[in-house]
Amino acid sequence: MAVGAVESALHMPPRSRQRLLEDERWLAMVLLLPTAVLLGLFIAYPFVNGIWLSVTNTRVGVPGDFVGLANFTKIWNDSIFRTAVWNTCWYTFVTTIFKLSLGLWLAMLLNRHFKGKAMVRAFILLPFIIPTVLSTFAWKWMFDPTFSVLNWMLFQLGLITGRVNWLGDSDLAMTSVIIVNIWRGVPFYAITLLAGLQTISPELQEAAAIDGARPWQRFWYIIWPLLLPVTMVVTLFSVIQTFADFQLVYVLTGGGPANATHLFATYAYQLGVGTGLLSEGAAISLAMFPILFLVVIVQLLYIRRVEVR
Amino acid sequence: MGQVVLKDINKFYDSVHAVKDFNLQIRDKEFVVFVGPSGCGKTTTLRMIAGLEAISSGDISIDGQVVNELAPMDRDIAMVFQNYALYPHMSVYDNMAFGLKMRKFARPEIAKRVKEAADILGIGELLKRKPRQLSGGQRQRVALGRAIVRHPRVFLFDEPLSNLDAKLRVQMRVELKKLHLRLGTTAVYVTHDQVEAMTLGDRVVVMKDGLVQQVGEPLELYNQPANKFVAGFIGSPAMNFAAVTMTDGNGRLTAKNSGLEIEVPGGLADRLRGHVGRQLTLGIRPEDLHVARDADPAGLTFPSKIEVVEQLGSEILLDVRVGDDTMVAAVDPTVRAKVAETLRLAINPERLHFFDAKTEAAI
Amino acid sequence: MIEGAKWRRWVYFYIPMVLFLLVLLFPFYWMVITTVRPDGELYRPWNAPNYAPFWTWNPTFDHIRLLFEETLFATWLLNTMLIALASTLISLVCGVFAGYALARLKFPYAGSLGTGIFITYLVPQTLLFIPLADIIRNFRLGDTPWALILTYPTFLIPFCTWLMMGYFKAIPKELEECARIDGASRWKAMIYIILPVAVPGILSAGIFAFTLSWNEFIYALVFMSSSEEKTVPVGVVSELVRGDVFYWGPLMAGALLGSIPVAIAYAFFVEHYVSGLTGSVKG
């Protein structure tokens, strides 16, 4: 081709190696090699290893024998595990709904023009940028039963009379964790939804306004449908992260009080790393997979359908 | 039924005075065109009529009712946008039905109106398609259809033909004119294209820098431009301008500069006598220049040097040099002219224009 | 659109906006105040009469000093920084290469490889950490920075690849073709022509990867055991709590100072971060 001709016209060094890299397939292989190695070694391999672990009875330092699905039956009969499953589903469901609605509201607020918009946008993302563990500690301090500034504020506003044991009360603890997750996630939703909103031409809203649509109708008939693709993608990412969440619960409650706030990840940690029951820990971790997989498939299908539309 | 009155309308964007003292009375069934270069305030004024921009001062009334505070949806108007603004996720049918749906029309009534509009515009087969499957011209019609089904009191058009290719534009212009004759609804149309303005408008409003330059019927603007801007804006190719000094030679008023010496004809001379010794701007349209014949009086001709010859088939455009100025003459296709030749041109005396050198107003 | 009466703007915009900002930023304010508040003021019950939460008149640096003198906080900062930079670098290189290959080159299984990389992004760390701990131990990487430098890219690369794919796709093919006609090899064309144009994308991916790796916790928690090797999140969680007693002053100081490097990096690259965030969602 032209390039070959040019190459032979110009006198070029190691021709054979150059020619090899010219071939799209070789170049692609070279470029993808490091990625393939890293991902293969540290994702694919552990995944398979994890499956192996979960069907044996390995303990730390003690190699195990094949036990089939015994681990899975064991955890299924474990009431703490069942609580963790319920908690994780509830946690993901509630936080996603709130993050989506609050995030959308914030995005619509940010979609106007006002002074200092860029700075506000930058500050809004802070909860999402700052390492989760560190900001969660601030919340833990804010929730402390004796020294809680939240209690003080609610008391001053006349909304409570006694103290609120945010993290120590088994009924309230899950709610507190949910609050912190929502706090952390709203900026992520807001900023990505804002980008989506900005792709909707203002002329469409003007046309709808002239057509007689009130603000709520404009939102429902015009904005929401056009925003759906972005919404689905953002929700997909968020659901996966939230479902597999570890840091928040670990810092705030460690899974307590009395195992009331355990999620898949924290319980797996407690069993696998805490008490060394590697196989059972692995089983719990893997139990996440079917549900995650289902959620991902459903959302991907939905996204594909929405985008083709 | 569709009378629109704009009284002392002003619009400020921070300190920028975008629209200045706009006054206009639009009669029912009239097709009014706002025309002018970019940034002249025509679209801003249109959007104020629509209710999409707030009015800084002044009143807009539709059928006697002041609508300043009314939301766009309550003004009973319909608008066609430059970029069509079709709802991309809805079918053509749903796009056209949307406004009626918002106003809670019954389904059968909606179906009837949509079919009616679709038939008028010839888009009956496209009703199930989505906007992205349509060509520019088809989208344009859907946008029109969406406006028609509402049976509004006033149609507003914001440069609707700008995004179409030249041939389609000419076609759509004719269709729009036919549509207006058929529907009889008052229309306010914004464009930067003076051809559209001349062919579509019952009356044309020429604007520049937020100020109305002239309001009138197309021919009035063509024959009696109120100032140099309107004279140069309307008509293509544009009017030729030359700076001249008025002198009195032997009782005859003459307009003179380095390239020409024109004897001002009788009627015009009476009006201009007071300007002897002053500098004025002379204006003559290319189509009012012809190759000088023996019958032409010498006082109405001048020499010119041909620089470019543009053959259009129906006429020839000669770009000529007259003294220090360049002019364009639109002459008969039978004229034989060559570059660098000298040619004597004659003026049609009834079509001379003079403008004040400072105020640019017509005299 | 026409803005309604002025009161509407206040109710529908200013007030909600201020509320959002207050709620989102209050915990950080709380972190700062606690860091400089002396112990005496700090440990006052909330229903005590002299509880004055929002300000202190006696700021102190004691907590910060304690943090640096009695813990290995400085070491943790260095560790985290080193690990974050190294894994970001690795991920960027892999991501740029992979992104280019997937966006520009034609080769068999391109589609499935792309999907494969996408799938790995959906496998969360909390699913893999137990078997991975085993593997790390077998490779004898436990308790060294390498354990993290090599494993962090697993969740950074998919994202970087994706982002870079989007950027590469947006660069017109003609640029490369022109370069190759001018005599550059594919490789050279990629390095000298494409990469410079894709710099905004690289910055976006870089800052995003940096903040993500600073934020990682469970791998660091499980793979690192000795104090000298810990990262900031792990160190703060494990070593500023003695038994059941939380030393809130130094804890908040640690939280604050641990957040600052990320915040600074973010502040320099906000626009890039935002376009990285939104680019990944759109792509």
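Author: In this model, which is predicted, the centres of domain 1 of chain B and domain 2 of chain B, taken over C-alpha atoms, are separated by 40 Å. Domain 1 covers residues 4-233 of chain B and domain 2 covers 240-356, and where they touch, five residues of domain 1 of chain B are in contact with five residues of domain 2 of chain B. The side of domain 1 of chain B that takes part in this has two nonpolar, two polar and one charged residues.

Buried residues account for 47% of the 283 residues of chain C.

Helix 5 of chain C runs over residues 110-121, and its 12 residues reach 17 Å from the first C-alpha to the last, close to the 16 Å expected. Its buried residues are C:Ile117, C:Thr120 and C:Tyr121. Because they cover an arc of only 115 degrees around the axis, they lie on the same side of helix 5 of chain C. On the other side of this helix, C:Gly111, C:Ser112 and C:Thr115 are exposed. The cover over the buried residues of helix 5 of chain C includes helix 4 (73-104) and helix 8 (153-170) of chain C, together with helix 3 (24-54) of chain A.

Terms used. Residues numbered from 1 in each chain as written. Chains lettered and ligands numbered in written order. Predicted model: local features only at pLDDT ≥ 70, side-chain atom pairs only at ≥ 80, totals over all residues. Buried ≥ 20, exposed ≤ 12 C-beta atoms within 10 Å, placed from the backbone. Domains from an automatic or database assignment. Contact = placed C-beta atoms within 7 Å. Nonpolar A, V, L, I, M, F, W, Y, C, P; charged D, E, K, R; others polar. Helix = DSSP H or I, 4+ residues; strand = E, 2+ residues; numbered from the N terminus. Expected span 1.5 Å × (residues − 1). Arc of directions from axis to C-beta.
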